[in-house]
Amino acid sequence: MKNFTPISKVKNIATEGSVLLSERTIARAEDAKTFFTRAGNMTLFILQTLRQFFSFPFEFKEFLKQCYEIGNRSLPLVAITGAIMGLVLTIQSRPILNDFGAESMLPQMVAVSLIREIGPVITALICAGKIGSGIGAELGSMKVTEQIEAMEVSAVNPMKYLVVTRVLAATLMIPVLVLFADALGMVGSWIGVNIKTELNIALFFSRAFSSVDFIDFIPAFIKSFFFGLVIGLVGCYKGYNAGKGTESVGIAANSAVVLSSLLIIIVDLIVVQITDLMI
Amino acid sequence: MSTEGQYREEAVKGEPVIKVKDLKKSFGEQHVLKGLTFDLIKGENLIVLGKSGSGKSVLIKCIVQLMTADEGTINVLGNEVGNLRAKELAELRKKIGFLFQSGALYDSMTVKENLEFPLRRIKKGISEKDIKDKTMEALEAVGLASALNKMPSQLSGGMRKRIALARTIILDPSIILYDEPTTGLDPITSQEISALINEIRNKYHTSSLIITHDMPCARAVADRALLLKEGEIYAQGTMQSIQQIEDPWVQLFFKD
Ligand SMILES: Nc1ncnc2c1ncn2[C@@H]1O[C@H](COP(=O)(O)OP(=O)(O)OP(=O)(O)O)[C@@H](O)[C@H]1O
Ligand SMILES: [Mg+2]
């Protein structure tokens, strides 16, 4: 009989195990609790923002400034991405359509996928990175350096001045950027078609839109509004609730991008499901 | 020990504009304010002294409701600040100037826009000329008229502090809470700021609560002083009477 494990040792391991287990259960419960607190806080934030939407006076100048910041500053990025997406999509789809002998369908196929899905989603994700992080970092640093508190004590409602203007600007500007990306995507696609065959631009567009109805635009357009809303709200929420110290600014910007990207994908799924049922 | 302090001079005369009673504030396990009771009298400059981290900034943030007190009451101009609704609180805040320890200038705006920001929103219907005049007047008061079109990032720390001070006084508030108005300034500017604080008081009959570590400034502006120690009021009274207290800890503050 060698290396017999004494009973006491077994007992120890057992108690340690159960302690560990219960600690983990508690940690899980805490996780769930913080999750629900956060969800609750976010809901509260959204409700407050909504309330400020309808209270007079509206900070029109700041709103215009934000539209400019969000719209104009993201234009080059969105343009380049859109054009490249159209081009790549065309080059990638050609061999498959070729296999079916349907190469002439290339404009239609690209138009449908670009307008319905790729344009809005890719643009929104890019904007989540650019605009979401920008808003998160800006409001985060204002929070950390007490600028938001300074607004509060001078009897200016920061929810109205900072949050409502940014959320509204993002909600209105993202659809515009999406349209822009769609248009450049189609131009990219036309270039892609012309790499192998020759097709003049008028014919390309008439073919492309032969299969795209107005009804295709509507869900995509509605979707982009929600994407904009998500980007604005999440960016503001994360910035507004940044912790103390400079590192919180980075955390706010980072988590704004992560959360809004995730929500964009989820909103996309929901909207597609709903429109699928309706049409 | 009472919440009014161990060393206390009786008979503060005048009508109080801020009445703090038994104010307590904790952050988790850390009890920062353990019960403070004092009044700010109309037209006086009240200095708040205390070691770094003793809760001076927390105290004035509680007064304007940037933080909520755990216990006790704060009455400002006849309003219990804890019970006010958002609109009423905003109205009350218009009458209070608040200088942040960090300055808290809006860094996306120029100095001019920083000063105009509260002015345009609080004094509704004010004319463009008045805005311009008031802005220049406030900037000249802090000696920085030349900084009008600069961004806060282009200013030195001391300059930013002075711009913040200009932004605080521009609305002619009836109560001003200064959080270390002269910290980080050279002795000459510091003297000028002290003189400015007195001038504002004399001109507009403003009541001020002034947090400071700067003894020359404290001596220049104080009518009364409040000494905080470990979250409680250790002494309150006129500067003279506090300076004469024969307590080694109190004396440490006044050793130049
Ligand atoms: N938002 C907060 N969350 C947690 N703790 C805080 C918070 N604000 C202040 N404290 C704590 O309260 C204490 C008092 O802070 P306060 O800023 O009032 O000090 P102070 O007296 O103004 O010091 P100083 O002279 O250095 O400015 C500090 O220990 C600080 O850690
Ligand atoms: Mg402080």
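Predicted model: local features only at pLDDT ≥ 70, side-chain atom pairs only at ≥ 80, totals over all residues.
1. Extent of the interface. Chain A contributes 15 residues to the contact, and chain B contributes 21 residues. The area buried between the two chains is about 1600 Å². Carbon and sulfur atoms give 56% of that area. On the side of chain A, A:Glu146, A:Gln147 and A:Val153 together supply 34% of the area that this chain buries against chain B, more than any other three residues.

2. Salt bridges and polar contacts. Three salt bridges are found across the interface of chain A and chain B. One of the residues named above, A:Glu146, takes part in a salt bridge with B:Lys61, in which the closest N and O atoms are 2.5 Å apart. Between chain A and chain B, seven residue pairs are in polar contact, with both residues of each pair at pLDDT 80 or more.

3. Make-up of the chain A side. Helix H4 of chain A, which spans residues 147-153, gives the most to the side of chain A that touches chain B, namely six residues. By residue class, the side of chain A that touches chain B comprises seven nonpolar, three polar and five charged residues.

4. Position of ligand 1. Ligand 1 lies between chains A and B. The shell around ligand 1 holds 16 residues, and the closest are B:Gln30, B:Ser52, B:Gly53, B:Ser57 and B:Gln101.

5. Atoms facing the ligand oxygens. B:Gln101 places a polar side-chain atom 2.7 Å from an oxygen atom of ligand 1. For B:Lys56, a polar side-chain atom lies 2.8 Å from an oxygen atom of the ligand. B:Val58 instead presents a backbone N or O atom, which lies 2.9 Å from an oxygen atom of ligand 1.

6. Cover of the ligand. Ligand 1 taken alone exposes 630 Å², and the protein buries 69% of that area. Strand E3 (30-41) and helix H1 (56-63), both of chain B, are the elements that give two or more residues to the shell around ligand 1. Helix H1 of chain B gives the most to this shell, with three residues.

7. Composition of the ligand shell. The residues around ligand 1 divide into eight polar, four nonpolar and four charged. For reading alongside this, the side of chain A that touches chain B has seven nonpolar, three polar and five charged residues.

Notes:
Residues numbered from 1 in each chain as written. Chains lettered and ligands numbered in written order. Heavy atoms only, no water. Contact = heavy atoms within 4.5 Å. Buried area = accessible area lost by both parts, 1.4 Å probe. Salt bridge = Lys/Arg side-chain N within 4 Å of Asp/Glu carboxyl O. Polar contact = N/O pair within 3.5 Å; in protein donor to acceptor, adjacent residues only side chain to side chain. Helix = DSSP H or I, 4+ residues; strand = E, 2+ residues; numbered from the N terminus. Nonpolar A, V, L, I, M, F, W, Y, C, P; charged D, E, K, R; others polar. Near = heavy atom within 4 Å. Areas by Shrake-Rupley, 256 points an atom, 1.4 Å probe, with all protein chains shown as cover.
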